[in-house]
Amino acid sequence: MTVNKMRRSFILIMLLLSVSLGGCWDIRYLDELSTTVALGIDLSGNDELQVTVQVVNPTEVSTASKGGGGSSPVTTYSATGKTVFEAIRQISNETSRRLFFSHNQVLVIGEELARKGVGDVFEFIERDPEVRTDFYVVVAKGGKAADVLKVTTPIEKIPGTKVHDNIENVENKSGTSFAVRVEDVIETIGSDKKEITMGSIEVIGNVETGGDMKNVQKIDPQTIIKLDGMAVFKGEKLIQFFNAKRSRGISWVDNKIKSTVVSVPCKNEGRTVIEIIHSSTKMKAKFQQGKPYIDIKIMQEANIAEILCPGMKGAAKAVFDQLAKETGQEVTKEITDTVTRAQKLNTDIFGFADAIYKANPSYWKKNRHNWDYIYPKIPIHVEVITQIRREGIRNKSYFEKILRE
Amino acid sequence: MFSTYLKGKIKKKKASRGESQEKQDLQPFKEKKLFEDLKRNIETVKTELGHSNDIVIREFRVGGNIQAAALFTDGLSDQVTLSDFVIKGLMHLQDEALSLEQNIGPEKIMQIVKEQLITFGDVQEVSDWEQLFKRMLSGSSILLFDGCDKAISAATKGGEQRGVTEPSTQTVIRGPREAFTESIRINTSLLRRIIKSPKLWLEERTIGEVTQTQVGIMYLKGIANEEIVQEVRDRLDRIQIDAILESGYIEELIQDEIWSPFPTVYNTERPDVTAGGLLEGRVAIIVDGTPFVLLVPVVLNSFLQSAEDYYQRFDLGSFLRLLRFASLFVALLFPSLYVAITTFHQEMLPTSLMLHLSAQREGVPFPPIIEALLMEIVFEVLREAGVRMPSAVGNTISIVGALVIGQAAVEAGIVAPAMVIVVSFTAIANFVIPAISLAIAVRLLRFGLLILSGTLGMFGVAVGLLVLVLHLASIRSFGIPYLSPFAPFMRNQQRDALFRFPQWAMDTRPPFISDDEDLVRQGNNQKPEKPQGDQSRHDGE
């Protein structure tokens, strides 16, 4: 009886101890965390990395607390080290709180580092359980990542969030740049059948004054950060920034277009503007006499956004058909131009290799080592099917009258 | 004499059950007959009751020369009934029946009185002291005749009783407005008024050696499972206790799970809920002296149902049930989830919410778990104060409470505003649970989960919930698995579980409760259909 009782109380004590001692080891209180929203990595000197973190100052951001005293909503800390993790640990010399990476929104890579190679940057991000891999990566075009993180932004108080939302906005509305997540990059590096692309970002204006809160107190901020076209890599190295048109070409091939604007010239003068509202791309490798070619098929729906053509009537089927055909041609032209360019650079950013592998694994196995010779010569066949759905709430444009006179 | 009997009984119970040594000493009194001598009988009554002033002894003569006495308890008996129907008749006995025969014996007189004179219902012959005291103290009048060792007890029960009022718990917007009262007889009559079936059977017994409380078992013969009824009888018969002051005493003495916070007996003060339970085959245990009637067997699901689910439209009923289930989880888990997420799993929060919370927590001196426990305890204190306070100062409490907690604590920076939201929403969600007995269980378990979440995070909460589910799955109420009809899963019974299907779809009684001989509760094709024929009658005119 007593032995039994003793054993029972022993087990109870062990259970209580295991809860009270074993628990709490990974406890982190909210007020002891510094939430990072953006991470910047630059080359420092020859072989060192400079890591910059953008950390939120919560009382400045939250609308609930009135305690803010006009200090900036975010703060950046920088440190250098041989590797990313070493540099991050160096940052603790400057901060009172533990850095918390789970809410990180963007990773900015300096152009210099991108040109040198980004291969080893992602190892820590992928390995650490606290850091997610679903935030976006961009290259700081013509500058350092640290500079991008130091610019204040209006409306979105947190620049990291601004960049994050901006990337999504561009992807959804114009397609001249699209969101690339860290996990996408890691996956692409891991496979040998595709090359990396990622968006680019640049600082317009003076970096020095851009970090001041005065920058956002103006209606027209002097320094802004702005998304640009896609950065194209070969291997782990950046080789070129594509302009807006070609970047959109990548989006089209990669099935990233959600909505965008295509303008079609009229017969004589003026243009018609078509708003693509939905687009879906299917890319397949096909073989003709043992040689591969890439078949790109795009199905898209569109609305007429603007008619600035004299004499064009909106509500006629012939007009719709004509416009659809011309839109298709315009898109095809863009895609062909982009692919030609990429083939010239000999970088397979579209994943043609992957498509060929999927269509014919044995062909890929045989020719994988000759890929650099095969890729530039692969022909593509683009087919765009456009369906124009609506023409807005107007049949005839008021504009027609002006043109007639 | 009687008091020593009582002492003996109680001592015996304290010693151990089934001890028959002392029982034998008491046996003589239990069966002790009344004396023939009226004076001696009256004297015994006076001594046994310690000359209590509320015992009225009215002596009179019957048939000219026979001494008789009426004994009753002032306040418990209806004096008008007594004088109109009993004493008046007795005093005039001389003129009528007795004039025919001469020298009539007391035995004969008693028979005449019993058979011809007392003009109303429940009249019984009593021959031993125990019966006599029991009846007299429950309001009956006792008639003693000199020279006769028997007495007549006439049920002249009366006196002041609280009337039927609106229920103060389990209130509804639509539905009957009456509640049970403290009188068992009113309560059984309320049930009889709802279910006018000869199958509604009532068994009564007296429990409580000192209080002699009447306890009734009510069930629908043929619908209630006979085994369950027998089990209720057995469990009630096993009770040996000095007093039953409320049905809670019975509940604790007959429940299945002693060490569980979850109630395995349902209590209600609503006759319609009780009738609903009876119609599903449950057994009602009605205890004199309390408006709370017990219903067994019961499953967890019953505690989340309200009578109104059936009175309102089925779509609203279903919505409200889902809402209650959600509230149950909120009441149980909200503070623990908040603590677990803000101390261990910040990555689970949306970024902007996390930034808001961390701004709120800026400068708060306590970790969230302490903060949560603090606020929960403050709330519990306020709540208890609110219940115990005289209603005149109730308002003060709520104002002080709201100000102290809501405003001052946040402004002083002792707690984060989010915590106040969490605690108050949890408290409100707790009130959504219609049955108080389950709400109390949830209230207690909340603290356990809170501590687990504060030490082990989400893992702790998951472990706590797992243990809870295992525990719930292991409980039975009078042989019925507590999680029915979810586990074991009964497809057909889901019509009246998480959702409330339309009346025409709930065509059977719950087979896990009712006697499965007769489960059909409605005819075929009860679903209303659109009338056939000319629909455009009015259009043509």
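Chain B is assigned three domains: domain 1 (31-154), domain 2 (184-298) and domain 3 (310-481). The centres of domain 1 and domain 3 of chain B, taken over C-alpha atoms, are 63 Å apart. The model is predicted.

**Nonpolar cores**

- In soluble globular proteins, nonpolar side chains tend to be buried together.
- The largest nonpolar core here contains 83 residues, and A:L107, A:F122 and A:M198 have the most contacts inside it.
- Helix α12 (residues 317-345) of chain A gives the most to this core, contributing eight residues.
- Domain 1 (27-241) and domain 2 (245-405) of chain A each supply at least three residues to this core.
- Leaving aside neighbours within four places in sequence, A:L107 is in contact with A:L39, A:I41, A:F122, A:I125, A:F135, A:Y136, A:V137, A:V138 and A:V182.
- A second, separate core has 45 residues, including B:L332, B:A429, B:V442 and B:L472.

**Residue A:T260**

- A:T260 lies in strand β10 (residues 260-265) of chain A.
- A:T260 counts as buried because its relative accessibility is 1%, and buried means under 20%.
- The side chain of A:T260 reaches the backbone oxygen of A:S174 at 2.7 Å.
- A polar contact of 2.7 Å also joins the side chain of A:T260 to the side chain of A:R248.
- Beyond its neighbours within four places in sequence, A:T260 is in contact with several residues, among them A:K173, A:W252, A:I274, A:E275 and A:I276.

How values were computed: Residues numbered from 1 in each chain as written. Chains lettered and ligands numbered in written order. Predicted model: local features only at pLDDT ≥ 70, side-chain atom pairs only at ≥ 80, totals over all residues. Heavy atoms only, no water. Helix = DSSP H or I, 4+ residues; strand = E, 2+ residues; numbered from the N terminus. Buried < 20%, exposed > 50% of the residue type's maximum accessible area, 1.4 Å probe, protein only. Polar contact = N/O pair within 3.5 Å; in protein donor to acceptor, adjacent residues only side chain to side chain. Contact = heavy atoms within 4.5 Å. Domains from an automatic or database assignment. Core = buried A, V, L, I, M, F, W, Y, C linked by side-chain atoms within 4.5 Å.
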